Amino acid sequence: GETMHWKVRRDFLSRVEIFSNLSRRDLKALAKSCTESKYREGEALCNQGERGITAFLIVSGNVRIENELDDGTVVEVTELGQGTMVGELSVVDGAERVATVRAVGEVQTLVLTQWSMMALFKSRPTIASAMLPIIVKRFRETAEELRHQDRESPPARHSIYQ
């Protein structure tokens, strides 16, 4: 299928919180290092427990965040739509996915791999320094939320994905 012009990609990326401090030149570099990927209804963008090496920006459609509990029960955590970034921490540390992300209907995404992000950070350090404070801020907000959770209630993991 046809791919988006880098300017269209750039506009999508510019609306994502973690990229909001990036200059237009940095956004252009980022836009050009993305790939595009489409998913069908019910298809998993990524699976809980696997090593994460990609982040996804939802361009169109919705995704469902699912958590599989120890007993095998699948719990729907939340549903996210256009403009949402999923799995951005994986691009930095490649840790295991804490949830499965599943397509609800047809979903179009921009994909950033750990490899392409690391190459970008090396060639354009300003990208890393612009992203870092926001990643840290969001991580602290999530930690704060978890600290205030009632011990009995399910963890507020969903905030990591918003």
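I take buried to mean under 20% relative accessible area, exposed over 50%, and partly exposed in between. The model is predicted.

**Entry 1. Asp26 and Arg124**

I looked up Arg124 with that scale. Its relative accessibility is 21%, so Arg124 counts as partly exposed. Arg124 forms a salt bridge with Asp26, and the closest N and O atoms are 2.6 Å apart. I then checked where the two partners sit. Asp26 belongs to helix α2, while Arg124 is in the loop between α4 (114–123) and α5; the pair links distant parts of the chain, 98 residues apart. Asp26 has 4% relative accessibility and therefore counts as buried.

**Entry 2. Other salt bridges**

How many salt bridges does the count come to? I get 10 salt bridges. I looked at two more of them.

Arg138 and Glu17 meet through their side chains at 3.8 Å, N to O. Arg138 lies in helix α5 (residues 125–148) and Glu17 in the loop between α1 and α2, so this pair ties together parts that are 121 residues apart in sequence. I find Arg138 buried, at 9% relative accessible area, and Glu17 partly exposed, at 34%.

Arg147 and Glu144 also form a salt bridge, at 2.6 Å from N to O. These two residues are three apart in helix α5, so about one helical turn separates them. Arg147 is exposed, with a relative accessible area of 59%. Glu144, at 34% relative accessibility, counts as partly exposed. I also noted a network: Glu17, Lys137, Arg138 and Glu141 are joined by salt bridges that share partners.

**Entry 3. Positive patch**

Which residues gather in a patch of positive charge on the surface? I list Lys7, Arg24, Arg25, Lys28 and Lys32. Helix α2 (residues 24–32) gives the largest share of the patch, with four residues. I looked up Lys7 separately and placed this residue in helix α1 (residues 6–14). Lys7 has 42% relative accessibility, so I record Lys7 as partly exposed.

**Entry 4. Cysteines**

I searched the whole structure for disulfides and found zero. Cys34 is in no disulfide, and the nearest cysteine sulfur, that of Cys46, is 16 Å away. Cys46 is likewise in no disulfide, with the sulfur of Cys34 as its nearest cysteine sulfur at 16 Å. The cut-off for a disulfide is a pair of cysteine sulfur atoms within 2.5 Å. Are these cysteines buried or exposed? Cys34 is buried, at 6% relative accessible area, and Cys46 is buried, at 2%.

Conventions: Residues numbered from 1 in each chain as written. Predicted model: local features only at pLDDT ≥ 70, side-chain atom pairs only at ≥ 80, totals over all residues. Heavy atoms only, no water. Patch = residues over 30% accessible without salt bridge, like charges linked within 9 Å, V, L, I, M, F, W, Y side chains within 5 Å. Areas by Shrake-Rupley, 256 points an atom, 1.4 Å probe, with all protein chains shown as cover. Salt bridge = Lys/Arg side-chain N within 4 Å of Asp/Glu carboxyl O. Lys, Arg positive; Asp, Glu negative; His and termini not counted. Charge placed at Lys NZ, Arg CZ, Asp CG, Glu CD. Buried < 20%, exposed > 50% of the residue type's maximum accessible area, 1.4 Å probe, protein only.
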